[in-house]
Amino acid sequence: MAALFLRRLTLQAIKTENNCIARCLEKHFLQKTAPAQLSVTVSVPRLPSLIHAKAFSVAEDAQDKKNKKKKTETALTSTGRKISERIIQVFDEKGNDLGSMHRADVIKLVDKRDLKLVKRNACTEPPVYQLMTGLQIHEERMRLREQDKAKPKTRPTLTKELTFSSNIGQHDLDTKSKQIQQWIEKNYQVQITIKKGKNVEDPENKMEAIFNQILQTMPGIATFSSKPQAVKGGRAVMCVLRHLSTKEENMYREAQKTQKGDILNKENRNDRPPDVLHQ
């Protein structure tokens with residue numbers, strides 16, 4: 001009887017000890033894993049922003065590389081030994097077509113002739129390259145720079161407006177004509193409106209004569225962008241003046257030269273003594 005009681009007591013003690021060990025291990029495990037779970041929970045919201053930032057950065061880098069590559073191709077620079085295409089069309093330094101060549105053969109040719117390789121047209125198939133000397137590259141760059149300077153810089157056309165009465169005096173008209181010329185020379189368009197004077201029945205041809213008088217003060221500079229026309233129910237006449245185009249300026253100079261030549265020829269004929277008939 002005593003042996004049976006002792007055996008039960010021993011089993012109960014072992015069971016209690018196992019439960020205590022299990023509790024201790026569970027507490028220890030929770031203490032170790034809780035901070036890790038918390039850090040994971042806190043860092044999760046940051047992942048999308050990090051991924052988005054990285055993707056945006058990659059897109060910007062790709063765009064920057066594309067822009068740099070485009071500038072490099074249009075800047076007429078030597079490619080060196082870095083030829084991305086396998087087969088290319090090659091022209092020599094004199095402009096002779098050497099045909100399509102493998103890039104390895106082109107590199108050998110560059111080394112043999114001590115020249116530089118320049119990409120001239122990347123849009124064709126195969127792309128076009130040319131062998132050039134350093135002096136040729138420099139001269140070509142200068143030529144392209146001069147072409148860029150010669151290109152007209154386009155800008156939006158601005159319009160100045162001027163309104164006055166048909167009763168304007170000659171002095172005031174001369175002042176306004178000078179102001180109009182200054183605007184025209186700065187490539188402004190000038191909209192001029194002439195109102196009929198009060199208590200005066202001015203015909204339209206009088207106001208047109210004023211427009212022509214203004215235009216005559218700027219020979220070889222301005223012309224009509226729109227002819228004089230009645231506005232405001234016939235109470236005013238409006239026109240627009242603009243600067244001459246380059247073609248119109250050249251035509252005006254040629255006409256002036258021809259006119260001067262005709263005048264000189266006429267004067268020479270008048271100064272020539274009459275022929276005397278000798279019997």
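Aspartate 111 and arginine 81 form a salt bridge in this predicted model, with their closest N and O atoms 2.7 Å apart. Aspartate 111 sits in helix α3, which covers residues 103-113, and arginine 81 sits in the loop between α2 (46-74) and β1 (87-91), so this pair ties together parts that are 30 residues apart in sequence. Aspartate 111 is partly exposed, at a relative accessible area of 47%. Arginine 81 has a relative accessible area of 56% and is exposed, because the cut-off for that class is over 50%.

The structure holds six salt bridges. Another of them joins the side chains of glutamate 85 and lysine 119, at 3.6 Å from N to O. Glutamate 85 belongs to the loop between α2 and β1, while lysine 119 belongs to strand β3 (residues 116-121), so the pair ties together parts that are 34 residues apart in sequence. Lysine 119 has a relative accessible area of 13%, and it counts as buried because that value is under 20%.

Strand β3 also contains arginine 120. The side chain of arginine 120 meets that of glutamate 140 in a salt bridge, 3.3 Å from N to O. Glutamate 140 lies in helix α4 (residues 134-150), so the contact between strand and helix ties together parts that are 20 residues apart in sequence. Arginine 120 is partly exposed at 35% relative accessibility, whereas glutamate 140 is buried at 14%.

Notes: Residues numbered from 1 in each chain as written. Predicted model: local features only at pLDDT ≥ 70, side-chain atom pairs only at ≥ 80, totals over all residues. Heavy atoms only, no water. Salt bridge = Lys/Arg side-chain N within 4 Å of Asp/Glu carboxyl O. Helix = DSSP H or I, 4+ residues; strand = E, 2+ residues; numbered from the N terminus. Buried < 20%, exposed > 50% of the residue type's maximum accessible area, 1.4 Å probe, protein only.
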